[in-house]
Amino acid sequence: MFQEWKKLLTEEISGKQAFRYAERIAQYHRIQASPGYRNAANEVMKLLERDGVKAELVSYPATFGNRFISHHSFKEWSCESAELWIEEPYRKRIARFEEEEISLIQRSICTPEDGIATELVIIDNAEDEDSYKGVDLKGKMALVRGNPMVVHSLAVEKFGAIGLVFDNLNEYPPIRTRLDFPDARQYTSYWWHKEQEQKSFGFVVSPRISEEIRSLAKDQIIQVSAKVNTKLYEGSYENIEFFIPGVKKEEILLVSHLCHPYPGGQDNASGPGTLMEVMRSLTKLIKSGKLPTPELGIRFLMMPEMTGTAAYFEQHPDRIPYTFAALNLDMVGADQSKGGGPLCIEQPPLANPTFVDRYTYKLVEELAANTKNFSGTTEYSTVQYVKTRFSGGSDHYIISDPTIGIPCPMLIQWPDRNYHTTTDTTNNLSEDMMKLVGVITSLYAYGLANGNEDDWILFLRSMSNQSIHQLLEAKDWILKQNFSKEEAMDALTLFTNYESLALEELKKYSIVREFNKLTDHIQWFEKMLKKQIDFTHEMVEKEVSLVKTVNPPPNSSMDDWQNEIYVRLLKGPIRITDEIKALPSEERLEWLQDFETKVPMGYADHLFYWMDGKRSLDEILTLTKYETGMYFEEYTKKLMKLCLDLRLIKFA
């Protein structure tokens with residue numbers, strides 16, 4: 001596809017230039033709503049202006065009590081200095097913010113001006129309330145490991161610790177264990193959203209330091225001193241916007257979050273560094289006339305992750321109906337020989353059908369092919385890449401939410417060996433990977449904005465092949481689930497319907513672009529797809545009768561709560577961990593311990609995505625089960641009651 005433009009963009013886009021941008025961004029400690037983030041944003045603006053891109057810096061208030069669509073705002077935070085010392089049995093500094101910014105829990109509040117001196121107590125299994133029995137924590141610090149929200153609720157709010165020392169280092173087998181990174185510290189943060197929250201300070205230590213402390217504590221009391229000089233105040237955070245106007249009112253949106261702590265090379269200096277190079281290259285080629293002015297506009301957004309995206313849609317709801325598609329770049333520049341994961345093309349949720357994830361995958365497939373076998377009969381890639389189902393965790397989970405309704409795939413390298421640690425430096429980035437992603441992103445946007453009809457007809461042929469593969473993959477996935485025969489067939493219907501709806505979205509695109517030939521080809525393909533769907537159903541029906549022994553669910557009458565129909569009161573995803581801060585501390589802790597930590601990340605998002613004011617809760621549970629393989633009935637019942645009490649949803 002787009003052979004002439006592909007050549008132009010491949011020649012113009014520079015992996016070295018993208019890397020240099022990322023290198024400049026990574027100099028800053030880019031915590032959302034902080035001086036460091038603002039300095040990085042101003043640096044980006046200067047670099048873009050130098051390179052012929054006239055972007056806009058847009059500020060939003062960072063304060064308690066505001067919402068941007070569904071997303072809570074928070075205050076600005078700054079840190080001048082922070083230190084933690086072992087004082088007894090010997091004196092040793094184990095954390096200093098000025099040396100390693102991640103050694104402080106981000107958004108820690110300040111200590112008294114002279115600091116504090118106290119005992120450091122070891123709490124094993126810090127998420128378990130029983131671990132605190134018989135332990136006097138009042139006025140002391142605690143060495144802990146676990147979910148910061150749960151641990152803070154227990155150690156600080158319930159048992160009176162004045163500060164915490166975390167030794168978390170998440171493991172991602174087979175690429176990362178605690179043993180692999182004995183001296184790394186993991187990014188840990190508090191997220192305060194309300195004035196009345198009980199706040200505290202804390203530090204982060206490496207596995208090696210943690211083991212040293214735990215060994216000392218077996219024989220003696222450990223005395224520590226800590227001093228933290230921080231401020232929490234009303235301020236601002238900034239988005240960077242740039243727009244290449246098109247002939248029509250519709251547009252394409254490209255996003256990449258600018259935030260994260262120093263060094264934050266892969267996460268996420270790589271994303272905005274790559275996006276800046278896309279901005280520079282497209283601007284230069286269009287201004288020079290080598291690329292014609294696109295039919296659809298192309299908008300760029302760099303922002304604090306999720307917060308800035310929510311603020312953008314709060315300020316510009318008028319743009320949502322005209323934003324045809326988006327693409328999110330998050331962690332896209334790692335050298336795969338240095339711990340960078342495969343390049344994942346993550347599709348939007350099934351509740352937001354689209355063809356643009358298939359389009360993204362087609363571009364990756366074409367552009368990543370960089371070698372051949374001995375005889376030259378097969379072309380393939382030395383770059384690892386894979387298409388994945390929706391998982392969330394970045395800005396695309398807001399953009400693709402059906403209440404916003406913009407289909408947004410994500411490009412991400414996952415897992416990453418250095419993720420959220422002090423080892424995530426730009427030394428692990430690859431100019432080649434950044435160039436590849438830059439060309440993919442440019443062609444994604446410019447191809448949607450100005451691709452010619454013949455190229456899109458070629459894509460339709462590719463999409464027909466992808467649809468067949470998607471259906472076969474869905475069939476294999478369904479047969480692995482603990483579904484009854486009836487459920488397996490119903491789940492398959494969800495996936496086959498999705499293929500038809502994705503084709504409908506391509507048809508809408510062809511109408512926007514006034515592609516009559518493409519519309520005719522789509523009508524032909526619809527007939528072919530129906531045959532493939534019928535064949536797949538027939539195939540699954542035969543296979544499921546051979547392999548499925550799970551009994552169908554009993555035909556008992558549903559409880560009343562399952563028949564209820566709800567509608568969301570806010571646009572955008574509901575972040576339950578933020579919303580429960582309105583609860584009393586005991587209720588909040590109960591929710592975290594008994595419910596929120598018992599279900600996989602993103603399960604609630606799927607429930608809310610399917611909530612359209614028409615479907616019953618039973619239908620929502622079932623669709624979520626068919627999409628994810630997960631079914632948490634009691635959690636969902638409690639979640640709906642909680643959301644009703646907090647006025648996040650209402651009865652339809």
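A salt bridge is taken here as a side-chain nitrogen of Lys or Arg within 4 Å of a carboxyl oxygen of Asp or Glu. The model is predicted, so local features need pLDDT of at least 70 and side-chain atom pairs count only at pLDDT 80 or more, while totals for chains, interfaces and linings use all residues. Residues are numbered from 1 along each chain as its sequence is written, and side-chain values use heavy atoms, with hydrogens and water left out.

The structure holds 52 salt bridges. One of them joins Arg 280 to Glu 277, with the closest N and O atoms 2.7 Å apart. Both residues lie in helix α6 (residues 265–287), three residues apart, or about one helical turn; helices (H or I, at least four residues) and strands (E, at least two) are DSSP runs, numbered from the N terminus. Arg 280 is buried at 13% relative accessible area, and Glu 277 is buried at 1%. Buried means under 20% relative accessible area, exposed over 50%, and partly exposed in between (1.4 Å probe, protein chains only).

A second pair, Glu 11 and Lys 7, has its closest N and O atoms 2.6 Å apart. These two residues are four apart in helix α1 (residues 3–12). Glu 11 is exposed at 54%, as is Lys 7 at 53%.

Arg 67 and Glu 579 also form a salt bridge (2.9 Å, N to O). This pair links distant parts of the chain, 512 residues apart, with Arg 67 in strand β2 (residues 67–68) and Glu 579 in helix α15 (residues 576–579). Arg 67 is partly exposed at 28% relative accessibility, whereas Glu 579 is buried at 6%.
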